[in-house]
Amino acid sequence: MKNFVVKTIANAAALAVAVWLIDKITLTGDSTGKEIGTLILVALIFGVVNFLVKPLVQLLSLPLLILTLGLFTLVVNALMLLLTSWLADVFDLSFHVEGFWTAVLGGLVVSVVSWALNVVLPDGD
């Protein structure tokens with residue numbers, strides 16, 4: 001359970017950095033508390049999408065991943081971020097990613113920040 005909480009916090013922080021760095025990734029709220037709550041919910045959605053959908057997409061795109069020496073992972077990450085944005089809209093959360101290339105850049109930022117935080121933060125149950 002502790003590992004789940006740590007990964008969710010890391011995802012929320014990574015998404016916050018992406019919102020802060022990239023203009024076309026937006027998170028709006030009435031107050032800071034509401035923005036943090038929205039960010040935590042979006043991080044949960046992002047975690048579920050990465051847990052359930054991403055392995056299937058990677059398996060189906062395995063030939064492209066091999067052909068591009070793994071660079072197609074950027075496209076997969078962008079698609080997961082776009083799916084998270086769409087699901088956030090379905091759940092009436094104020095998180096939006098505008099366009100594919102924004103999602104590619106956002107996926108890169110989220111991946112790097114999430115990796116760095118998972119190195120620093122404690123791991124385990």
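**View 1. T8 sits in helix α1.** Helices here are DSSP runs of H or I with at least four residues, strands are E runs of at least two, and both are numbered from the N terminus. This is a predicted model, where local features need pLDDT of at least 70 and side-chain atom pairs count only at pLDDT 80 or more, while totals for chains, interfaces and linings use all residues. Residues are numbered from 1 along each chain as its sequence is written, and side-chain values use heavy atoms, leaving out hydrogens and water. T8 counts as buried because its relative accessibility is 10%; buried means under 20% relative accessible area, exposed over 50%, and partly exposed in between, with a 1.4 Å probe and protein chains only. Apart from neighbours within four places in sequence, T8 is in contact with I40, A43 and L44, contact being heavy atoms within 4.5 Å.

**View 2. N3 is another residue of helix α1.** With a relative accessible area of 23%, N3 is partly exposed. Pick out L108 as well: the C-alpha atoms of N3 and L108 are separated by 23 Å, and the two residues are 105 apart along the chain.

**View 3. Here is the largest nonpolar core, with 26 residues.** Such a core is a set of buried Ala, Val, Leu, Ile, Met, Phe, Trp, Tyr and Cys residues joined through side-chain atoms within 4.5 Å. The members touching the most others are L15, I25, V42, L81, F95, V97 and V110. At least two residues each come from α1 (2-21), β1 (25-27), α2, α5, β2 (95-97) and α6. Helix α2 gives the most, six residues. Zoom in on L15 and, leaving aside neighbours within four places in sequence, you'll find it in contact with L39, V42, A43, F46, L81, F95 and V110.

**View 4. Helix α2 (residues 32-52) packs against α5 at an angle of about 130 degrees, with the axes 9 Å apart.** The angle makes α2 oblique to α5. Axes are lines fitted to C-alpha atoms, for helices over the stretch in contact, and angles run from 0 to 180 degrees between N-to-C directions. Angles under 35 degrees count as roughly parallel, over 145 as roughly antiparallel, 65 to 115 as roughly perpendicular, and the rest as oblique. On the α2 side look for V42, I45, F46, V49 and N50, which meet M80, L81, L83, T84, L87 and A88 of α5. That contact has nine nonpolar, two polar and no charged residues; Ala, Val, Leu, Ile, Met, Phe, Trp, Tyr, Cys and Pro count as nonpolar, Asp, Glu, Lys and Arg as charged, and the others, Gly among them, as polar.

**View 5. T84 is part of helix α5.** T84 is buried, at 0% relative accessible area. Not counting residues up to four places away in sequence, T84 touches V42, I45, F46 and V49.

**View 6. Helix α5 (residues 72-90) also packs with α6 (residues 100-120), at about 100 degrees and with axes 8 Å apart.** That makes α5 roughly perpendicular to α6. From α5 come L74, V75, N77, A78, L79, L81 and L82, and from α6 come F100, A103, V104, G106, G107, L108 and S111. Sorted by class, these are 10 nonpolar, four polar and no charged residues.

**View 7. L69 and D92 are loop residues, L69 between α4 (62-67) and α5 and D92 between α5 and β2.** L69 isn't a glycine, yet has a positive phi of about 55 degrees. L69 is exposed, at 79% relative accessibility. D92, not a glycine either, has a positive phi of about 60 degrees, and D92 is exposed with a relative accessible area of 71%.
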